[in-house]
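Q: Hi! Could you walk me through this model before I set anything up with it?
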Amino acid sequence: MPPDRALREGRAKARAAGRSRQDTRNRTKTPGVRVREGVRSSVPRLCHGALHGAVPARSALWQIPHLMATTQREEAPAEGARCAVRPRLNDPAELDGLVTRLRENVRPTQREDFVRGALLPDGRLDLCKQTLGPEGVAVVADALRGNTAVNALLLGANQAGPEGGRAVARLLRAPSSLEAVYLGCNQLGPEATADLAAAVSGHATVRQLWLKRNAVGDEGARALAAALVHTPGLRTLDLVSDGLTAAGVDALAEALARPGAGLAHLFLDGNALGLAGAEAVARMLRAGPSLHTLSLGCNALGDGAGGTQCQTDD
């Protein structure tokens with residue numbers, strides 16, 4: 001077969017396969033919940049460019065009339081994405097310049113870079129991938145006490161551990177203007193998560209809490225669920241790849257059914273919830289009228305999850 005003909009036939013087969021997959025995705029006609037499984041969802045990451053009201057794309061969402069994701073999102077410059085993970089902080093003196101600047105409590109008019117991290121004029125303190133360790137995180141948290149110029153604390157991938165998580169919890173118990181706290185990939189564990197949940201409970205300003213890949217588990221999910229009831233301002237909660245099971249999802253569902261919860265965006269990707277988790281999610285959707293976005297990619301929901309129906313009031 002001539003090479004050009006083989007190329008044309010190969011392209012035709014690829015287009016046909018794409019149409020077949022699209023037809024399969026569009027075949028579900030039930031008015032209740034639809035599950036798209038096995039698609040990597042675009043969960044926004046604060047230190048990688050998404051901030052202030054971002055929601056994921058339409059992949060991996062349960063879709064019901066009041067639970068639809070918008071494709072519009074506000075993008076911030078991809079600050080953390082441009083730098084590799086730094087070597088572990090051994091000398092706390094590397095943070096002296098940043099600490100001094102934070103204690104001045106003045107928002108910069110342009111980006112200011114330090115030995116570790118950066119301050120941005122929109123209120124972000126970007127310390128993602130700086131590998132501060134628990135001691136460095138504690139130094140930064142202490143420097144932020146009383147600071148009202150920083151409204152987003154980005155501490156992703158810093159090997160904070162439980163002690164670093166507790167340091168951030170102590171910061172949140174003090175008056176602050178923080179609206180977004182990003183702690184993804186920090187090995188926090190359930191106990192430190194519980195401390196964070198207690199600190200966030202009833203907080204006046206925190207609207208976004210990002211905790212992906214922290215081994216939160218069902219114990220941590222239950223602590224966060226208890227906080228949701230007392231924190232109507234908390235609108236975004238990220239629990240991606242955090243070891244949740246159906247029990248943790250049920251705890252969140254019970255919290256969302258209560259009047260005090262106002263959570264709008266919940267990310268549960270990568271928790272291997274299975275069919276039992278799918279049923280727990282259905283109960284959550286019945287109970288949580290405030291939810292607008294629910295991301296469920298990579299959860300091994302199985303073919304039976306598509307039959308799980310969620311009836312909602314108009």
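A: Happy to. One definition to start: an axis here is a line fitted to C-alpha atoms, for helices over the stretch in contact, and angles run from 0 to 180 degrees between N-to-C directions. Also, keep in mind that this is a predicted model.

Q: Okay, so at what angle do α4 and helix α5 pack?
A: At about 5°, and their axes are 8 Å apart. Helix α5 covers residues 189–200. Angles under 35 degrees count as roughly parallel, and α4 and α5 are therefore roughly parallel to each other.

Q: Which residues make that contact?
A: From α4 there are Pro 162, Gly 165, Arg 166, Val 168, Ala 169, Leu 172 and Arg 173. From α5 come Glu 191, Ala 192, Asp 195, Leu 196, Ala 199 and Val 200. By class, that contact has eight nonpolar, one polar and four charged residues.

Q: And how do α3 and α4 pack?
A: Helix α3 (residues 133–143) and helix α4 (residues 161–173) pack at an angle of about 10°, with axes 8 Å apart. So α3 and α4 are roughly parallel to each other as well.

Q: Who meets whom between α3 and α4?
A: On the α3 side, Pro 134, Val 137, Ala 138 and Ala 141. They meet Glu 163, Gly 164, Ala 167, Val 168 and Leu 171 in α4. Seven of the residues in this contact are nonpolar, one is polar and one is charged.

Q: Switching topic: how many cavities of 30 Å³ or more are there?
A: The count comes to two.

Q: What lines the largest one?
A: Its lining is Arg 101, Leu 102, Asn 105, Val 106, Arg 107, Pro 108, Leu 119, Leu 120, Gly 123, Asn 147, Ala 149 and Val 150. That divides into seven nonpolar, three polar and two charged residues.

Q: What about the lining of the second largest cavity?
A: That one is lined by Leu 144, Asn 147, Val 150, Leu 171, Ser 176, Ser 177 and Leu 178. Four of these are nonpolar, three polar, and no charged residues take part.

Terms used. Residues numbered from 1 in each chain as written. Predicted model: local features only at pLDDT ≥ 70, side-chain atom pairs only at ≥ 80, totals over all residues. Heavy atoms only, no water. Helix = DSSP H or I, 4+ residues; strand = E, 2+ residues; numbered from the N terminus. Parallel < 35°, antiparallel > 145°, perpendicular 65-115°, else oblique. Contact = heavy atoms within 4.5 Å. Nonpolar A, V, L, I, M, F, W, Y, C, P; charged D, E, K, R; others polar. 1 Å grid on protein atoms, 1.4 Å probe; cavity = no way out; pocket = protein on both sides within 12 Å on 5 of 7 lines; lining within 4 Å. Points joined across faces, edges and corners; volume = space filled by probe spheres on them.
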